[in-house]
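Here is a protein chain to get to know. Take a look at the sequence and the fold, then read on for a plain tour.

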Amino acid sequence: MSDQQFASDNYSGICPEAWDAMARANQGHERAYGDDQWTTRAADHFRELFATDCEVFFAFNGTAANSLALSSLCQSYHSVICSDIAHIETDECGAPEFFSNGSKLLLARTEQGKLTPAAIREVALKRKDIHYPKPRVVSLTQATEVGTVYQPDELRAISDTCRDLGLHLHMDGARFANACAHLGISPAELSWKTGVDVLCFGGTKNGMAVGEAILFFNRQLATDFEYRCKQSGQLASKMRFLSAPWVGLLESGAWLKYAAHANHCASLLAELIQDVPGVELMFPVQANGVFVSLPPPALEALKSRGWVFYTFIGVGGARFMCSWDTREARVRQLAADIRAAVSAAS
Ligand SMILES: *Cc1c(COP(=O)(O)O)cnc(C)c1O
């Protein structure tokens, strides 16, 4: 398979800026286990980008980043409030519960993929007795699993609710860059300035080979976090190859440029198909994903034309994800095939 596909943003390869930084890091010898200049530089770039003195760690993937971050915020008898379609609930094989030695996820309803203060309160205040796992954290996903983006005032309302209820706030930012690009505001504005305690910032879906960064804005919550990373097999001995790509993405601004490009391609796809009778956009297109409901025969027709896409994510329908390298011509091809498949099906 070499044609560009829209199944996931992780079908793409490595962007030139990340690749080039890997090559630069691949010269001579360096200290191991994160004591190298690339890891220091990457962490400093994050502190500069977020305009705050946060603690920075690197993990191989988002499952590890989320799970370890949550386990750092919880005791085993605590619970994490998240959406019923959260990646930590549906796609991490119980890793958050595993790494926290049993902290339970409590599921809240969402509106267009987003948690609300009311939904959080409902779950957090449902029970207060000793028989119920004590709520300790709210975890939200920015951009969400269904391609929507929390506005800063929505985040602020959630973090106010958290403060009220004595809860920490974790952000799964597998597509944090796409949210920044959509809103056109600074990473600081979208994270610690709106009350986020810890952010898992995704690199893989935005052009890196592997790697997510874990940023603790509340530094106390990062106590001994390096031991968690080591114990869980997340301390890379040649750490420079996890951190150098971040230097490449952050120093060049490519992290934002590519996210904006992926968002643009998603908007273009939505625009090209929205007038097709029988096609319905299921959610506002705010990041790099387009969710559409299509007649089942049209889904089949698209598959037989060679298109690869997911139909099981979130709430049904088809999901088309754009990536850092998506070509507009390919978007137009997909749109034309959707139009043809739907008209043949009706
Ligand atoms: C892709 C993704 C992750 C990370 O998944 P891994 O496969 O573990 O890297 C985390 N959260 C969301 C919302 C994602 O889409």
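## Overall size

With 346 residues, a compact globule would have a radius of gyration near 20 Å, and the chain has 20 Å, so the two agree. That radius is taken over C-alpha atoms, and the globule rule is 2.2 Å times the number of residues to the power 0.38. Along the principal axes, the C-alpha atoms fill a box of roughly 60 × 60 × 30 Å.

A quick word on what you're looking at: this is a predicted model, where local features need pLDDT of at least 70, side-chain atom pairs count only at pLDDT 80 or more, and totals for chains, interfaces and linings use all residues. Residues are numbered from 1 along each chain as its sequence is written, and side-chain values use heavy atoms, with hydrogens and water left out.

The chain's secondary structure comes to 13 helices and 10 strands. These are DSSP runs numbered from the N terminus: helices are H or I with at least four residues, strands are E with at least two.

How much of the chain is buried? Of the 346 residues, 53% count as buried. Here buried means under 20% relative accessible area, exposed means over 50%, and partly exposed is in between (1.4 Å probe, protein chains only). The chain exposes about 14,700 Å², and carbon and sulfur atoms supply 49% of that. Those areas come from the Shrake-Rupley method with a 1.4 Å probe; for residues, only the protein chains shown count as cover.

As for charge, there are 31 positive and 38 negative ones, and their mean positions are 2 Å apart. Lys and Arg count as positive and Asp and Glu as negative, while His and the chain ends are not counted. Each charge is placed at NZ of Lys, CZ of Arg, CG of Asp or CD of Glu.

## Two domains

The domain assignment gives domain 1 (15-253) and domain 2 (255-345); the bounds come from an automatic or database domain assignment. Their centres, taken over C-alpha atoms, sit 28 Å apart. The contact between them takes 26 residues from domain 1 and 21 residues from domain 2. Contact means heavy atoms within 4.5 Å.

What share of the contacts with a separation of 6 or more comes from residues 24 or more positions apart? In this chain they account for 76%.

## Two buried residues

Val-196 sits in the loop between helix H8 (176-183) and strand S6 (198-202). Val-196 has a relative accessible area of 3%, so it counts as buried. Setting aside neighbours within four places in sequence, Val-196 is in contact with Leu-169, Met-171, Leu-190, Ser-191 and Phe-217. From the C-alpha of Val-196 to that of Leu-140, 56 residues apart along the chain, the separation is 9.8 Å.

Asn-178 is in helix H8 itself. Is Asn-178 buried or exposed? Its relative accessibility is 5%, so Asn-178 counts as buried. Not counting residues up to four places away in sequence, Asn-178 touches Ala-259, Ala-262, Asn-263, Ala-287 and Asn-288.

The peptide bond from Gln-142 to Ala-143 is cis, with omega near -10°. You'll find Ala-143 in the loop between strand S4 (134-141) and helix H7 (152-165).

Tyr-33 isn't a glycine, yet has a positive phi of about 55°. Tyr-33 lies in the loop between helix H1 (16-25) and helix H2 (37-49), and at 47% relative accessibility Tyr-33 counts as partly exposed. Cys-93, also not a glycine, has a positive phi of about 55°.

## Asn-61 and Gly-62

Asn-61 is in the loop between strand S1 (55-59) and helix H3 (62-73), and Gly-62 is found in helix H3. At a relative accessible area of 37%, Asn-61 is partly exposed.

The C-alpha atoms of Asn-61 and Ser-243, 182 residues apart along the chain, are separated by 13 Å. For Gly-62 and Ser-323, 261 residues apart along the chain, the C-alpha separation is 17 Å.
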